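Visitor: I would like a close look at one part of this protein. Please take me through a sheet, strand by strand.

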Amino acid sequence: MNFSAADHEFMARALQLARRGLYTTTPNPRVGCVLVRDGAVIGEGWHEMAGQPHAEINALGKVGAGGTARGATAYVTLEPCSHHGRTPPCVDALIDAGVARVVAAMRDPNPLVAGAGLARLELAGIRVESGLLQAEAEELNIGFVSRMTRGRPWLRLKVAASLDGKTALNNGKSQWITGPEARLDAHGWRARSCAMLTGIGTVRDDNPRLTVRDIDTPRQPLRVVVDSRLEISLDAAILEGGNCLVACAVELAEKATQLRVRGIDVMVLPNAAGKVDLSALLTELGCRGINEVMAEAGFRLNGSLLRAGLVDELLIYQAPLLLGDKARGMFDLPELTELAGARRLEVLERRVAGADFFLRARLI
């Protein structure tokens with residue numbers, strides 16, 4: 001399908017608007033909309049928060065007093081919804097407004113929509129096109145796409161390491177390997193995540209809160225602790241303020257009750273080995289509307305997530321220092337005897353974060 005330079009410009013603006021909902025739209029996707037008539041923008045909007053009007057409704061509402069969207073083109077980063085959720089269908093609003101053309105960056109992976117929105121628009125006589133800047137739109141909502149198509153969130157695993165690949169001293173001390181700029185950068189990734197995932201070892205060694213700090217965000221991600229034997233201390237900082245889920249493999253009624261009384265969710269998800277079933281945990285998070293998960297854990301849980309095939313993306317911050325062979329590594333993985341067995345990565349991004357290096361990569 002051939003799109004004009006103007007089409008690209010207006011869809012790029014719609015994507016820019018959609019990014020304003022980066023920290024706020026969970027569990028909904030991030031969506032932007034631009035209304036154009038006679039080559040000029042007459043209204044624009046984005047989805048700001050779940051339960052509030054969608055991008056198309058906000059854009060239509062911005063059309064000036066006495067103005068009309070009749071005959072306009074709507075550039076939307078995601079196929080307009082055609083079902084009743086917390087808000088009415090956006091396709092009805094676009095049809096009622098008399099728009100002549102709708103350009104969608106991508107089709108909605110939600111089975112409740114999945115092409116039905118575009119089909120409704122076509123039946124109403126509206127010219128419909130899709131696929132413009134699709135890769136950028138999918139990247140913006142990669143967690144939503146993952147949840148809708150795989151039934152589980154997109155999992156990013158963040159690692160702060162020395163130049164020789166060590167994440168902590170042998171005694172567990174790791175604060176701080178990287179500098180303040182790298183830590184602030186990592187908080188940006190935390191802010192866009194719906195949940196933070198860690199293990200009981202990290203809770204014991206570092207006593208983290210795993211909250212977003214120094215980033216302007218109206219919400220904090222759910223904090224999830226993998227704790228097979230339910231050993232977490234009731235004084236752990238991660239439990240402060242609730243908004244925390246502890247996944248274990250054994251039912252310890254008294255301890256679970258103590259946690260639940262404090263507003264902590266406790267889930268028993270054992271696997272055959274008596275550990276937490278990580279795949280089942282991510283599926284459960286998906287059922288709860290979690291789109292993106294960021295793991296900040298020790299080398300054991302990191303390795304377990306990799307071995308289970310649950311890691312989608314790596315965020316690696318490396319500091320220009322050396323910790324030596326006895327320090328703890330990044331991942332607890334089986335020994336290789338052939339390089340052919342190495343896990344290959346596609347590097348998406350390399351940059352400097354203060355005195356440290358940042359690398360973002362996906363497993364091939």
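Guide: Start with a rule: two strands count as paired if DSSP finds at least two bridges between them. Keep in mind that this is a predicted model. By that rule β1 and β2 are partners: six bridges join them in the antiparallel sense. Within this pair, V36 stands opposite V41 of β2.

Now widen the view. The open sheet has five strands, in the order β2-β1-β3-β4-β5. Its pairing is mixed. In general, strands of a sheet pair through backbone hydrogen bonds, either parallel or antiparallel. The edges here are β2 (40-46) and β5 (127-130), and each of them pairs on one side only. On average, neighbouring strands of this sheet are turned by 15° against each other, with direction ignored. A helix joins the picture too. Helix α1 (residues 5-18) packs on the sheet and touches β1, β2, β3 and β4. The direction of α1 makes about 145° with that of β1.

Next, stop at β3. On one side, four bridges join β3 to β1 (residues 32-37), and these two strands run antiparallel. L35 has A74 in β3 as its bridge partner. T73 has R101 in β4 as its bridge partner.

Where do the side chains of β3 (residues 73-76) go? T73 and Y75 point one way, while A74 and V76 point the other way. All four named residues of β3 are buried.

For contrast, look at another antiparallel pair. Eight bridges join β13 (residues 345-353) to β14 (residues 356-363). V347 stands opposite A361 in β14. β13 and β14 form a hairpin with two residues between the strands. In that hairpin, G354 takes a positive phi near 65°.

One last check concerns the cysteines. A disulfide needs two cysteine sulfur atoms within 2.5 Å. By this rule the count is zero disulfides. C81 is in none: the nearest cysteine sulfur, that of C90, is 3.7 Å away. C81 counts as buried because its relative accessibility is 7%, and buried means under 20%. C287 is in no disulfide either, and the nearest cysteine sulfur, that of C194, is 14 Å away. With a relative accessible area of 62%, C287 is exposed.

Technical notes
Residues numbered from 1 in each chain as written. Predicted model: local features only at pLDDT ≥ 70, side-chain atom pairs only at ≥ 80, totals over all residues. Heavy atoms only, no water. Buried < 20%, exposed > 50% of the residue type's maximum accessible area, 1.4 Å probe, protein only. Axes fitted to C-alpha atoms, helices over the stretch in contact; angles between N-to-C directions. Contact = heavy atoms within 4.5 Å.
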